[in-house]
Amino acid sequence: MPSLTELSDAGLIGAVRNVNLEVNEGEIFVIMGLSGSGKSTLVRCLSRLIEPTAGEILFNGESLLAASDAEMIEIRRHKMGMVFQHFALLPHLNVLDNVAFPLSIQGVDKAERYDKARKMVELVGLGGREEAFPRQLSGGQQQRVGIARSLAVEPELWFLDEPFSALDPLIRREMQDEFIRLQSVLKKTIVFITHDFDEAIRLADRIAIMKDGEIVQCGTPEEIVLNPKTDYVREFTLAVTKAKVVRVATVMKKVYTKTAKTNTTTVSAKATIAEAAPMFVGSMEKVQVLDGTNKIVGTLHRDDVIDLMMRG
């Protein structure tokens, strides 16, 4: 792989370099960085909309670089969903026809594709607007149609390239809430691009931060905020309220009791400190922490919550 100096001397820019990552099934993997850092190029390489010049891409254990053009078209039609910043809805088709469009390309029977399309329209909260045209919808509603259209093919892997960045802040927040709700139902494997760190920490299971075409750090939102590896990453995290990122499991005192005491206040180990903090309004000094099986795994103390929140 050529160095940055060698590329520069040749008059070239390395859009994506030395990237080595693995996206786990069912997780939201967020790729973030400033404009020009290589985020969109990386995702287009993963789907082979841009051909990589070196390396390999494995999807379900199979090499995508070994697939023919015809095979890649079928993979994109049936196994990959894509949502981009610009909705690209077909203006002459109503909501239902826009959502059903990729299924018609697949050759799905008319009755079946409209049945699937109606379910997707309901899923994204647009029931009753099936006959509306894009020009009759708000920006947030148009984005919901774009999401429904990409979900209609029931993709295994879902790519979203800054899907909410063109929306107003309030609508953007609503779409993030909707996205979280959809993922709780669908459990898709998602690669999500954003340059907004608040959006990343809200949505991500893991985050990869890019700079000059390379991934400079990859980890959970909590790992990145608490242990930034470079000054560049540290700049991203400076304004982040730690209480919104740090999980109760990180701050709690571990205990080894199997069952919770009766009539006690409890909190999930996966909750953030910001979510747990309201429990300490008043005289509450500590709460019990439960794991996913409702077993006690620790105790969260008032002083520890205050200490973390005072540190930002």
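A crossing of two helices counts as right-handed if the near helix is turned clockwise from the far one by less than a right angle, and as left-handed if anticlockwise. I wrote that down before looking at any helix pair. The model I am reading is a predicted one.

**Entry: α4 and α6**

α4 passes α6 in a right-handed crossing. I read an angle of about 35 degrees between the two, with the axes 7 Å apart. On the α4 side I listed V95, N98, V99 and P102 as the contact residues. On the α6 side I listed V145, A148 and R149. By class I get five nonpolar residues, one polar and one charged.

**Entry: α4 and α5**

Next I went to the other partner of α4 on my list. α4 covers residues 95-106 and α5 covers residues 110-123. Their axes lie 9 Å apart, and the packing angle is about 125 degrees. That angle makes α4 oblique to α5. The crossing is again one I noted as right-handed. α4 brings V95, L96, D97, V99, A100, L103 and S104 to the contact. α5 answers with R113, Y114, K116, A117, R118, M120 and V121. I sorted the contact residues into nine nonpolar, one polar and four charged. I marked V95 and V99 for a second look: both touch α5, and both also touch α6.

**Entry: α6 and α7**

I then followed α6 to α7. α6 spans residues 139-151, and α7 spans residues 169-186. The axes come within 10 Å and cross at roughly 20 degrees. Angles under 35 degrees count as roughly parallel, so α6 is roughly parallel to α7. α6 passes α7 in a right-handed crossing. From α6 I noted G140, Q143, R144, I147 and L151 in the contact. From α7 I noted I171, M175, E178, L182 and L186. The classes come to six nonpolar, two polar and two charged.

**Entry: largest pocket**

How large is the volume of the largest pocket? I find about 1,100 Å³. The lining holds 40 residues. Nearest the centre I found L42, C45, L46, E56 and I57. α2 gives the most, with four residues. By class, the lining has 24 nonpolar residues, ten polar and six charged.

**Entry: second largest pocket**

This one has a volume of about 710 Å³. I counted 21 lining residues, with I201, R202, L203, K244 and T272 closest to the centre. At least two lining residues come from each of α7, α8 (197-203) and α12 (273-276). Which element supplies the largest share of the lining? I find α8, with five residues. The classes here are eight nonpolar, two polar and eleven charged.

**Entry: backbone check**

Last, I looked at phi. Most residues other than glycine have a negative phi. I therefore flagged exceptions to that general rule. N18 is not a glycine, yet its phi is positive, about 50 degrees. I placed N18 in the loop between α1 (4-9) and β1 (28-32). K187 also is not a glycine and has a positive phi, about 55 degrees. Where does K187 sit? I find K187 in the loop between α7 and β6.

Terms used:
Residues numbered from 1 in each chain as written. Predicted model: local features only at pLDDT ≥ 70, side-chain atom pairs only at ≥ 80, totals over all residues. Heavy atoms only, no water. Axes fitted to C-alpha atoms, helices over the stretch in contact; angles between N-to-C directions. Parallel < 35°, antiparallel > 145°, perpendicular 65-115°, else oblique. Contact = heavy atoms within 4.5 Å. Nonpolar A, V, L, I, M, F, W, Y, C, P; charged D, E, K, R; others polar. 1 Å grid on protein atoms, 1.4 Å probe; cavity = no way out; pocket = protein on both sides within 12 Å on 5 of 7 lines; lining within 4 Å. Points joined across faces, edges and corners; volume = space filled by probe spheres on them.
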